[in-house]
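Please look through the sequence and the model below before reading on. The briefing that follows goes through it topic by topic.

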Amino acid sequence: MNKKKMGHIVLLLIILSVGIYSLQIAIFHDTRNTAFYILQDFAFMPVTIAVATLVVGELINEQERRDRRRKTRMLTSTFFTEMGTRLIRIIVDASEQKEALRAIMVFRCQHEKDLKAQWERINGMQIRVCLTADSYTRSMELIKEGQMALLVLSSNSLLMEHEHFTDLLWGLFHLIDEYNLRGAYEELTEQDIRHLNDDFSEVLRLLMLNYTANAKYIRETYPNLYRTAKEKLQNTLDQEP
């Protein structure tokens with residue numbers, strides 16, 4: 001609705017209000033009581049506006065927050081479809097707790113308490129990755145292949161509200177810097193490998209945290225897609241390296 005049309009509506013309402021009060025005075029011939037109730041209405045107007053603004057504003061803000069969360073989850077879901085699930089499999093295969101991590105990744109998240117419990121379980125694990133030439137090279141190729149998509153994701157302001165996913169993006173960009181700085185696996189020193197093992201362990205933790213949150217969103221929003229995604233993850237984890 002444009003401003004001109006809105007102005008016409010406001011003017012019409014004011015004229016209607018003046019007409020009703022004029023009719024009241026003409027019928028009851030009581031200007032004193034009419035003036036009293038007009039002032040009383042004006043006295044309550046600030047309170048009415050304040051309450052209406054707070055309630056309506058909160059409802060609008062909540063709707064906007066839901067819309068932002070939905071749009072953000074669409075972005076994170078795309079990340080796991082295109083890159084995240086495969087990257088989880090590569091790093092899990094290079095970890096010392098391969099079977100435990102595979103078991104913890106295949107779960108059924110139905111409620112918010114399930115998600116929190118899963119996050120606590122993941123954060124409570126001492127994840128240790130031991131890179132090999134194969135896992136280092138394959139993960140490097142996969143992350144560099146999706147570098148442009150990561151840049152696009154990181155430029156989206158909506159993702160700044162999701163701390164875990166933002167941390168994951170920074171972790172992946174750090175790995176890209178490490179790749180560019182250190183080069184091929186054969187060129188790494190023992191100290192380089194120890195440092196990269198720590199970096200990959202933290203990235204795997206962030207991948208798992210974000211994957212579980214994304215799985216909860218898909219299950220609530222797209223149940224059929226959730227079953228397919230769960231089967232794909234299970235098949236991916238069960239594949240031979």
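Predicted model: local features only at pLDDT ≥ 70, side-chain atom pairs only at ≥ 80, totals over all residues.

Is Glu202 buried, partly exposed or exposed? With a relative accessibility of 40%, Glu202 counts as partly exposed, because a residue is called buried under 20% and exposed over 50%.

**The largest nonpolar core**

- The largest nonpolar core holds 44 residues, and among these Phe79, Leu150, Leu172 and Leu207 touch the most other members.
- Two or more residues of this core come from each of the helices H2 (31–93), H3 (98–105), H5 (133–145), H6 (147–154), H7 (163–182) and H8 (190–221).
- The element that gives the most to this core is H8, which supplies 11 residues.
- When the neighbours within four places in sequence are left aside, Leu172 is in contact with Phe79, Leu87, Ile143, Leu150 and Val203.

**Salt bridges**

- Across the whole structure, a search finds 6 salt bridges, and one of them joins the side chains of Glu96 and Arg128, with a distance of 2.6 Å from N to O.
- Glu96 belongs to the loop between H2 and H3, while Arg128 belongs to the loop between helix H4 (112–123) and H5, so this pair ties together parts that are 32 residues apart in sequence.
- Both partners of that pair count as partly exposed, since Glu96 has a relative accessibility of 47% and Arg128 has a relative accessibility of 41%.
- A salt bridge also forms between Glu178 and Arg182, whose closest N and O atoms are 2.4 Å apart.
- Glu178 and Arg182 are separated by about one helical turn, because they are 4 residues apart in helix H7.
- Glu178 has a relative accessible area of 5%, and it is therefore buried.
- Glu178 and Arg182 are also part of a network of salt bridges, in which they are linked with Asp192.
- In another salt bridge, the side chains of Arg205 and Glu202 meet at 3.8 Å, from N to O.
- Arg205 and Glu202 lie 3 residues apart in helix H8, so about one helical turn separates them.
- The two partners of this pair fall into separate classes, because Arg205 counts as buried at 14% relative accessibility, whereas Glu202 counts as partly exposed at 40%.

- Leaving aside the neighbours within four places in sequence, the residues in contact with Asn214 are Arg73, Thr76, Ser77 and Phe80.
- Although Asn214 and Phe80 are 134 residues apart along the chain, their C-alpha atoms are separated by 8.5 Å.

**The two faces of H6**

- The buried residues of helix H6 are Leu150, Leu153 and Ser154.
- These three residues cover an arc of only 95° around the axis, which means that they are on the same side of H6.
- On the face of H6 that is turned away from its buried side, the exposed residues Met148 and Val152 are found.

Conventions: Residues numbered from 1 in each chain as written. Heavy atoms only, no water. Core = buried A, V, L, I, M, F, W, Y, C linked by side-chain atoms within 4.5 Å. Buried < 20%, exposed > 50% of the residue type's maximum accessible area, 1.4 Å probe, protein only. Contact = heavy atoms within 4.5 Å. Salt bridge = Lys/Arg side-chain N within 4 Å of Asp/Glu carboxyl O. Arc of directions from axis to C-beta.
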